[in-house]
Amino acid sequence: MEQILSRQEASEAVEDLGWRYLLGALQTSVLVGTLTQAMSLAADAVAVCGDDANRHLWVDVRPDLAVFTLQSLDHAAVTTRDIELARRISATADKSGFLPEPGLRTGAPRSVQVLEIAIDALSIAGIRPFWKAVLGYADEAGAEGAEDPLVDPVRQGPAIWFQQMDRARPQRNRIHIDISVPHDEAPRRIEAALAAGGRLVSATRAPAFWVLADAEGNEACVTTWQGRDS
């Protein structure tokens with residue numbers, strides 16, 4: 001029977017398979033030499049996933065890279081079935097001579113990651129319909145409330161979530177980007193941002209998230225799955 005896993009359970013189950021847990025999904029990448037190779041890997045992954053591919057797997061295929069994402073669309077979460085599918089995909093890639101990995105090694109273009117856009121609001125219910133309409137977005141499975149996040153139904157754009165404000169803040173940016181990275185990638189990503197002229201605004205909620213800002217105060221959060229269960 002398919003069961004939803006905790007963040008810790010999901011992360012530990014796939015770490016040795018070359019996948020990483022990223023806030024509700026599993027992800028890995030495979031470097032390839034041609035688009036044909038990437039397409040072949042994608043086809044192999046679909047084949048080993050069988051009927052589950054339609055409700056669990058999506059693949060971003062490029063001439064030099066294939067990125068695999070697993071999540072139960074019925075639950076909007078990682079389940080025991082996703083872990084089994086990750087094992088199958090890693091095994092079939094290995095048989096073809098390719099290495100599924102999260103992009104943490106030196107020289108990798110970047111690690112796997114998930115982008116989200118956060119919008120501060122005094123009345124989330126008052127602005128959510130606008131963003132849903134203007135972006136052509138949809139409710140996430142099991143999250144149709146007036147203050148719940150929005151997702152791209154074709155999974156190309158970043159998710160949108162809303163942060164409750166307690167007062168107007170006209171001198172502060174009202175939209176920021178969340179970059180969800182593997183828990184073992186976060187220190188390197190933060191170090192690079194600080195070296196590039198950024199500053200650390202807050203680490204009080206780390207390792208769930210660190211708030212960073214550029215030289216003009218525009219904020220971004222580097223986030224991980226850790227520190228969210230306490």
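Is Asp229 buried or exposed? I looked this up and found Asp229 exposed, at a relative accessible area of 56%. My cut-offs are under 20% for buried, over 50% for exposed and partly exposed in between, with a 1.4 Å probe and protein chains only.

I am working on a predicted model, where local features need pLDDT of at least 70, side-chain atom pairs count only at pLDDT 80 or more, and totals for chains, interfaces and linings use all residues. Residues are numbered from 1 along each chain as its sequence is written, and side-chain values use heavy atoms, without hydrogens and water.

Next, salt bridges. I took a side-chain nitrogen of Lys or Arg within 4 Å of a carboxyl oxygen of Asp or Glu. The count came to 13. Asp229 pairs with Arg7, with the closest N and O atoms 2.4 Å apart. This pair links distant parts of the chain: Arg7 is in helix α1 and Asp229 in the segment after β12, 222 residues apart. I assign helices (H or I, at least four residues) and strands (E, at least two) as DSSP runs, numbered from the N terminus. Arg7 is partly exposed at 27%.

I then checked helix α4. Glu84, Arg87 and Arg88 form a network of salt bridges. Arg88 to Glu84 is 3.1 Å between the closest N and O atoms; Arg87 to Glu84 is 3.9 Å. Arg88 and Glu84 are four residues apart, about one turn of the helix. Residues three or four places apart point the same way because an α-helix has 3.6 residues a turn.

Back to α1 (residues 7-14). Ala10, Ser11 and Val14 are buried there. They cover an arc of only 95° around the axis, so they sit on the same side of α1. I take the arc from the directions from the helix axis to the C-beta atoms. Their cover includes β1 (20-21), β2 (26-31) and α4 (80-95).

Aromatic pairs came next. Ring centres of Phe, Tyr and Trp (its six-membered ring) must lie within 6.5 Å; planes under 30 degrees apart are stacked, over 60 edge-to-face, the rest tilted. I have two pairs. Tyr21 and Trp225 are edge-to-face, 6.3 Å centre to centre with 75° between the planes. Tyr21 lies in β1 and Trp225 in the segment after β12, so the pair ties together parts 204 residues apart in sequence. Both Tyr21 and Trp225 are buried. Phe130 and Trp131 are also edge-to-face, at 5.2 Å and 85°. Trp131 is partly exposed at 23%.

Definitions and conventions
Contact = heavy atoms within 4.5 Å.
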